[in-house]
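Please walk through the following protein with its sequence and its model side by side. The account begins with a single residue, widens to the whole chain, and then returns to particular sites.

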Amino acid sequence: MTAKYEIGNCVLELVEGDITEQRVDAIVNAANSRLAGGGGVDGAIHRKGGPEIMAETRAKYPHGCPTGSAVISGAGRLPAKFVIHAVGPIYRDGQHGEPELLASAYRRSLELAVEHDCRSVAFPALSAGAYGYPLAEAARVALSTVIDFLKNHGKPALVRFVLFGTPAYEAFVKVLQELVGAD
Ligand code: AR6
């Protein structure tokens, strides 16, 4: 399943699938602030990408990455040029800066992608798994932040959200329709 929305010359895509299988310039990882690896997207990326990704992030970012930010590495054996390690917030009640931190993790990831000439970027639903962010709220922050960025910068040419399972895909489609009035 795929949904597409054009913003100027850019395309925003929603697909149901596995982020580690995406042939794009940059795959975004849902990392933690220690860049220590873990489950979910992070586990899948390091398993499939191989140990050089962790070796590189350990060497380059020994102090990790603050919540709401992102860092970049090579992609090891994954079919991408880069992995962008984004650190979303752990959801408490929505009153502890979660939306701002989540938006800034997306924005910093997109800035890094543009700085590294990435034309295509694939995101998971940051914070919507182990970090407990309610899916519809996470989708609203994710989509509105990406749409604003594409309107303001005109790149990257393709941003694809790769949603794990039909409920996540449908939640994103619903929020996109609410935001843009798409049919
Ligand atoms: N492809 C796409 N989406 C996936 C995949 C996949 N292969 N696997 C899971 N998802 P999570 P977070 C979905 O937990 O909430 C890790 O331990 C998943 O269903 O990966 O930001 C890190 O080390 C959910 O919708 O990331 C951190 O400690 C979304 O991806 C912590 O989890 C994000 O779920 C980060 O938690």
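This is a predicted model: local features need pLDDT of at least 70, side-chain atom pairs count only at pLDDT 80 or more; totals for chains, interfaces and linings use all residues.

Leaving aside neighbours within four places in sequence, with which residues is N29 in contact? Contact here means heavy atoms within 4.5 Å, and on that basis N29 is in contact with V41, D42, I45, H46, V83, I84, H85, A86 and L126. The residue itself has its place in strand 3, which covers residues 24-30, and N29 is buried because its relative accessible area is 0%, where buried means under 20% relative accessible area, exposed over 50%, and partly exposed in between, with a 1.4 Å probe and protein chains only.

Residues are numbered from 1 along each chain as its sequence is written, and side-chain values use heavy atoms, with hydrogens and water left out.

Seen as a whole, the protein has five helices and seven strands, which are DSSP runs numbered from the N terminus (helices being H or I with at least four residues, strands E with at least two). Along the sequence these elements follow the pattern β-β-β-α-α-β-β-α-β-α-β-α. The UniProt record, in an unreviewed entry, places the feature "domain: Macro" at residues 1-180; positions from UniProt are given in the numbering used here, feature names are shortened, and annotations may be inferred rather than shown by experiment. Within the model, that span is 39% helix and 23% strand, and its end C-alpha atoms lie 19 Å apart.

How does the overall extent of the chain compare with a compact globule, and what is the radius of gyration? For 183 residues a compact globule would have a radius of gyration near 16 Å, and the protein has 15 Å, which agrees; the radius is taken over C-alpha atoms, and the globule rule is 2.2 Å times the number of residues to the power 0.38. Taken along the principal axes, the C-alpha atoms fill a box of roughly 45 × 35 × 30 Å. Of the 183 residues, 50% count as buried, and among contacts between residues at least 6 apart in sequence, 68% join residues at least 24 apart. The protein exposes about 8600 Å², of which carbon and sulfur atoms supply 50%; these areas come from the Shrake-Rupley method with a 1.4 Å probe, and for residues only the protein chains shown count as cover.

L12 lies in strand 2, residues 10-16, and is buried, with a relative accessible area of 0%. Not counting residues up to four places away in sequence, L12 touches A3, K4, Y5, I7, L143, V146, I147, V159, F161 and L176. I72, in strand 4 (residues 70-74), is buried at a relative accessible area of 7%, and with the sequence neighbours up to four places away set aside, I72 touches E56, K60, Y61, F82, V83, I84, L112 and H116. Between I72 and K60 there are twelve residues in sequence and 9.4 Å in space, again C-alpha to C-alpha.

The loops deserve a separate look for their backbone geometry. In the loop between strand 3 and helix 1 (40-49), L35 has a positive phi of about 55° although it is not a glycine, and at 9% relative accessibility L35 counts as buried. S127, found in the loop between strand 6 (120-123) and helix 4, has a phi near 70°, a positive value in a residue other than glycine, and counts as buried at 6% relative accessibility. G129 is found in the loop between strand 6 and helix 4, but G129 is exposed, with a relative accessible area of 52%; G129 and D42 are 87 residues apart in sequence and 11 Å apart in space, C-alpha to C-alpha. Finally, the peptide bond from K155 to P156 is cis, with omega near 0°, and P156 lies in the loop between helix 4 (135-153) and strand 7 (158-163).
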